[in-house]
Amino acid sequence: MDQSKIEALRAQPVAAFSHLIEGKHVPASDGGMMDILSPIDGQVLTQVAKGTAADMNAAIASARAAFEDKRWAGQSPAARKKVLLKWADLIDANALELAVLGVRDNGTEIGMAIKAEPGSAAGTIRYYAEALDKIYGEIAPTSSDILGMIHKEPVGVVGAIIPWNFPLMIGAWKLGPALAMGNSVVLKPSETASLSLMRMADLALEAGLPPGVLNAVTGQGAVVGEALGLSMDVDVLAFTGSGSTGRRLMEYAARSNMKRVYLELGGKSPNIIFADAPDLDEAAKVAAGGIFRNSGQVCVAGSRLLVEASIHDSFVDAVTKAAENMRVGDPLDMTTAIGAVNSEAQLKQNLGFVGTAVKEGGKIVTGGARILENTGGYYMEPTIVTGVTEDATLAQREVFGPVLGVTPFEDDDGAVHIANSTVYGLAGAVWTSNLSRAHRMVRDVRTGVMHVNTYGGADGTVPLGGVGQSGNGSDKSLHAIEKYINLKTAWIKL
């Protein structure tokens, strides 16, 4: 990665984006457009089509027609595999362009974005391309005069609603398995981070994906997202985002065709530090990165730091030092460790949580303020708050920003109790040299992912899914395929 190449891409104007429907770039039916503000400087970067319900319905109709005529589902696994592998290669070939475009749109620091966005997306698409011709049906154990066969069929039309924090990575988590299994997909990107995902969809067409198999509609969730959720022609909804929107999508499913809804709704993940951690300095650095990278805008961010009381003060000091060594700044500068907050609204929400934490008795150890306001962009200091009780707002609600709440605990049971004291259950971690304790914590902390002596980095071979109000179903791994297939039994009398 070269800074001069990044600067050259930064300087390029970004043309307005239209919808992608039936393989064509289509404007909004009423001509509406939305300004896209860059979090780097708060300035208008470009415009995207402001979709209408009619636009979304047209995209769904196109996807349904593509599925029914089998232009994709009817192709052999080998043929679908070839297209998806070419798509992954194109993502790799255009990685820097995609990463810079995405950073200009959502503010993620480029060092993280190049790996977590196009790098991850290409790997995910390639993983499911390689998997798709290895998914077999089953033969049931029946009596000798019966043949019981279990077929795995595509569900039909999948609606995928993608958040703004990692649009390419999370988009690929849904597009990869859905398309691999022969489904058609209607994509709804976030209104504050549409650009790189729309460009990646164009690359799918370039790779040979038939028109209509992947359609994408930009616009407001309350309009085009609602139309997608209420459609009688969508068979599965896959969503990553807020709990309030997830509930609304479940309501839409109930009001329409009872479509399956899979949700990843974030969390309030505990990062549990015992005094016998193998390397407390390393744990402190990883804890800081686990909450402050991408300005804390990570679903699995370790936003609750639970520290054994005997090392609380010294460990907080170490995490504070690590946080203060992470430079906040221009996300397209390769030396920046923490980029911009996605939007001014998100920044105000972050600061509001900090204010509430102080009112409830928390103490700001470092950070707590907006910075670099002269740039016009949306930047916030990495913030650590101690004295956070288990029932405090900061311990109970997802901030989705660079704010870390610290709570001490006395023993194993106390750590588990605090860890399980929220409605969420997406991720967590334990740092200890005691193998038995590590296994007990993995078993007892209610969460979909539990790290031991690390935080983050789980690759595509393992599932990511939550319990409680962190959602249902799994992204990543072969288990994600289960969301996008139907099982059909053939019961044959011989």
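Trainee: Is glycine 296 buried or exposed?
Mentor: Glycine 296 counts as buried, because its relative accessibility is 3% and the cut-off for buried is under 20%. Keep in mind that this is a predicted model.

Trainee: Okay! Where does glycine 296 lie?
Mentor: It lies in a loop, between helix H10 (280-292) and strand S13 (304-308).

Trainee: And which residues does glycine 296 touch, leaving out those up to four places away in sequence?
Mentor: Glycine 296 touches Ile291, Ala301, Phe400, Gly401 and Pro402.

Trainee: Let's move to leucine 404. Which strand is leucine 404 in?
Mentor: Leucine 404 belongs to strand S18, which covers residues 403-409. Leucine 404 is buried, because its relative accessible area is 1%.

Trainee: How far is leucine 404 from arginine 304 in space?
Mentor: The C-alpha atoms of leucine 404 and arginine 304 are 6.1 Å apart, while the two residues are 100 apart in sequence.

Trainee: What does leucine 404 touch, again leaving out residues up to four places away in sequence?
Mentor: Arg304 is one of its contacts, and others include Ile291, Phe292, Leu305, Val319 and Ile384.

Trainee: What about valine 319, then? Which residues does valine 319 touch beyond four places in sequence?
Mentor: Valine 319 touches Leu404, along with Ala284, Ala287, Ala288, Leu305 and Ile384.

Trainee: How many residues are in the largest nonpolar core?
Mentor: That core has 108 residues. Val319 is among those with the most contacts inside it, as are Leu84, Trp87, Leu179, Leu214, Phe292 and Leu305. There is also a second, separate core of 21 residues, and Met56, Leu237, Phe239 and Leu265 are included in it.

Trainee: Why would nonpolar side chains be together like that?
Mentor: In soluble globular proteins, nonpolar side chains tend to be buried together.

Trainee: New topic: helices! At what angle do H2 and H8 cross?
Mentor: Helix H2 (residues 53-68) and helix H8 (residues 221-230) cross at roughly 40 degrees, and their axes come within 8 Å. That angle makes H2 oblique to H8. The crossing of H2 past H8 is right-handed.

Trainee: Which residues meet there?
Mentor: From H2 you have Ala53, Met56, Asn57 and Ile60, and they meet Val223, Val224, Ala227 and Leu228 from H8. By class, the residues of this H2 and H8 contact are seven nonpolar, one polar and no charged.

Trainee: Now H3 and H7. How do their axes cross?
Mentor: The axes of helix H3 (residues 77-93) and helix H7 (residues 195-207) cross at roughly 130 degrees and come within 8 Å. H3 and H7 are therefore oblique to each other. H3 also passes H7 in a right-handed crossing.

Trainee: Which residues make the contact of H3 with H7?
Mentor: On the H3 side they are Val83, Lys86, Trp87, Leu90 and Ile91, and on the H7 side Met200, Leu203, Ala204, Glu206 and Ala207. That contact has eight nonpolar, no polar and two charged residues.

Trainee: And what about H6 with H7?
Mentor: Helix H6 (residues 167-180) crosses H7 at roughly 45 degrees, with the axes coming within 9 Å. H6 and H7 are therefore oblique to each other, and H6 passes H7 in a right-handed crossing. Pro167, Leu168, Gly171 and Leu175 of H6 make the contact with Ser196, Leu197 and Met200 of H7. Those residues divide into five nonpolar, two polar and no charged.

Trainee: What about leucine 372?
Mentor: Leucine 372 has a positive phi too, near 55 degrees. It lies in the loop between strand S15 (370-371) and strand S16 (379-380), and leucine 372 is partly exposed, with a relative accessible area of 32%.

Key:
Residues numbered from 1 in each chain as written. Predicted model: local features only at pLDDT ≥ 70, side-chain atom pairs only at ≥ 80, totals over all residues. Heavy atoms only, no water. Core = buried A, V, L, I, M, F, W, Y, C linked by side-chain atoms within 4.5 Å. Buried < 20%, exposed > 50% of the residue type's maximum accessible area, 1.4 Å probe, protein only. Contact = heavy atoms within 4.5 Å. Helix = DSSP H or I, 4+ residues; strand = E, 2+ residues; numbered from the N terminus. Axes fitted to C-alpha atoms, helices over the stretch in contact; angles between N-to-C directions. Parallel < 35°, antiparallel > 145°, perpendicular 65-115°, else oblique. Left-handed = near helix turned anticlockwise from the far one by under 90°. Nonpolar A, V, L, I, M, F, W, Y, C, P; charged D, E, K, R; others polar.
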